[in-house]
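Please open the model in the viewer and keep the selection panel at hand. The stops below proceed from charged pairs to the ligand.

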Amino acid sequence: MLEFINQVLKIWKEYAPALWDGTITTLTIAIIGTLVGLGIGLVIGIYKTIPISPKDNIIKRVSYKIVDFILSAYIEIIRSTPMMVQAMLFYYGIAMVFNIQLNILLSGLIIVSVNTGAYMSEIVRGGIISIDHGQYEAAHSIGMTHTQTMSKIVLPQAIRNIMPSIGNEFIINIKDSCVLSVIGVTELFYVSKYAAGATFHYFETFSITLIYYFVLCFTITKILRYLEKRMDGPDSYTIMGSQTAPEAVIHVNTANHGKGE
Amino acid sequence: MSDTVIQIKNLKKVFGEREVLTDINFDVHKGEVVCIIGSSGSGKSTLLRCINLLETPTSGQILYHNQNILESKQASHQYCAKVGMVFQQFNLFNNLTVLENCVIGPVSVLKKPRNEAVETAMHYLEQVGMAQFVNAKPKQLSGGQKQRVAIARALAMEPDALLFDEPTSALDPEMVGEVLKVMKNLAEAGLTMLVVTHEMAFARDVANRIVFMDKGIILEDDTPEEIFNNPKNERTKAFLSRAMG
Ligand SMILES: Nc1ncnc2c1ncn2[C@@H]1O[C@H](COP(=O)(O)OP(=O)(O)OP(=O)(O)O)[C@@H](O)[C@H]1O
Ligand SMILES: [Mg+2]
């Protein structure tokens, strides 16, 4: 046991800088991939919820359908194939077709973003269609356009509701970015494999890797929870002073109130 | 009577195979309070939703100050901003505070300067007795409070007419009164109102006219006195005797 710990510490001391670099690469890929993926997801999710009525002109309806078909194909193909295969196809495909060697990190970023985008599209679409229809009707009743309704009423609520799913995608990206090691992205897993291969201490090295991934994911989960809470605003509201006592300000706490709605 | 705000001509609405509204004709004049009564499923909500363009009428005309708003998209847009609606389920914007609920329409639709919109919103929130709650979110309010904010939100658009679809039906009995009182004040202040309601006492006391609907048609359209004391139609009689218990 003591020997094991000693060995772990030794490897850690030697490879700490490399592991740190790997961690940074992993985090960078996860953060950028999730954000770009969310961007893709928002565009597609919003597009897929544009109301198209049979009364719209034929050109609008047909072009909508064509784009919609392409987007659906993208989502289904990405969701039904492993990211590792996508990575191989993309990286070596680009090299073959265009005869260029794309920057490996950039390739990794593109693959994770495009992959996350497919999942995010469905998450965003789900978030939008889960908003009560009464919200649209109320917006319509004061004369708001579809664009105004979406940007000011529906999307803020939808995004708040899908925050846990967005966080989940982020965590998945931290872990799944390890498949990018097949094209040589020097993220945490790649560095670990290298260290293990050099020292022949696979178990000890990957014990360290496990702790790295766990601390990363666990901390980020906690941070996201906190941010979600902050987004909800205060549980209490302030009753403004009345005419009789303009200086009176009462704080009403509704922390355990109305959460069921 | 004085000038007509909304005029409905030969309005028809079909859902699939079902004809829900058959040849509806009636007018709402400026300053008038018209109550629509009738049994469940008679098409009252559908009529109101057609008037607010939440449903597209199958055929017929809706004239707003003598202009058919079903003809141009431009006209229908302005019309929506000028004819407000209060819903049974309140439908306050859940992501906005009470104040923002009343400010967003005037700012984004009417393009009012924000400080002016806030001032107007505060005025109407005071009128419905909700000025103290400007910072609250909808989920922190009771049903009656939500409905009063919804009324203030509609008023903040300074509408030509307001449509109400059973505004008190989703409320606990003890909160019905506060909302009806606000509506009664609005009626007295001269607001043009079209109200679908099951509150017979309110219809009798506040309405200038009562429209009785049955199976998608208007069976009677008369003063409250005539409808309540001297109903012409057998179905009206039957409905009233049931509704008044
Ligand atoms: N979107 C729809 N699709 C199909 N049928 C509908 C739709 N909306 C309403 N209906 C039907 O139209 C009829 C009239 O409905 P409506 O809601 O207008 O009645 P109502 O008079 O408001 O009743 P209530 O007093 O219960 O609110 C009902 O039979 C209803 O089932
Ligand atoms: Mg109804």
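Which side chains of chain A meet in a salt bridge at 3.1 Å, N to O? Select K48(A) and D68(A): their side chains form this pair, a salt bridge being a side-chain nitrogen of Lys or Arg within 4 Å of a carboxyl oxygen of Asp or Glu. K48(A) belongs to helix α1 (residues 2–48) and D68(A) to helix α2 (residues 58–79), 20 residues apart. This is a predicted model, in which local features need pLDDT of at least 70 and side-chain atom pairs pLDDT 80 or more, while totals for chains, interfaces and linings use all residues. Residues are numbered from 1 along each chain as its sequence is written, chains are lettered from A and ligands numbered from 1 in the order written, and side-chain values use heavy atoms, without hydrogens and water.

Next, select R209(B) and E32(B), whose closest N and O atoms are 3.0 Å apart in a salt bridge. R209(B) lies in strand β9 (residues 209–214) and E32(B) in the loop between β2 and β3, so the pair ties together parts 177 residues apart in sequence. Both R209(B) and E32(B) are buried (under 20% relative accessible area, 1.4 Å probe, protein chains only).

Finally, display ligand 1. Its shell holds 13 residues, the closest being S40(B), G41(B), K44(B), S45(B) and T46(B); a residue counts if one of its heavy atoms lies within 4 Å.

Technical notes: Helix = DSSP H or I, 4+ residues; strand = E, 2+ residues; numbered from the N terminus. Buried < 20%, exposed > 50% of the residue type's maximum accessible area, 1.4 Å probe, protein only.
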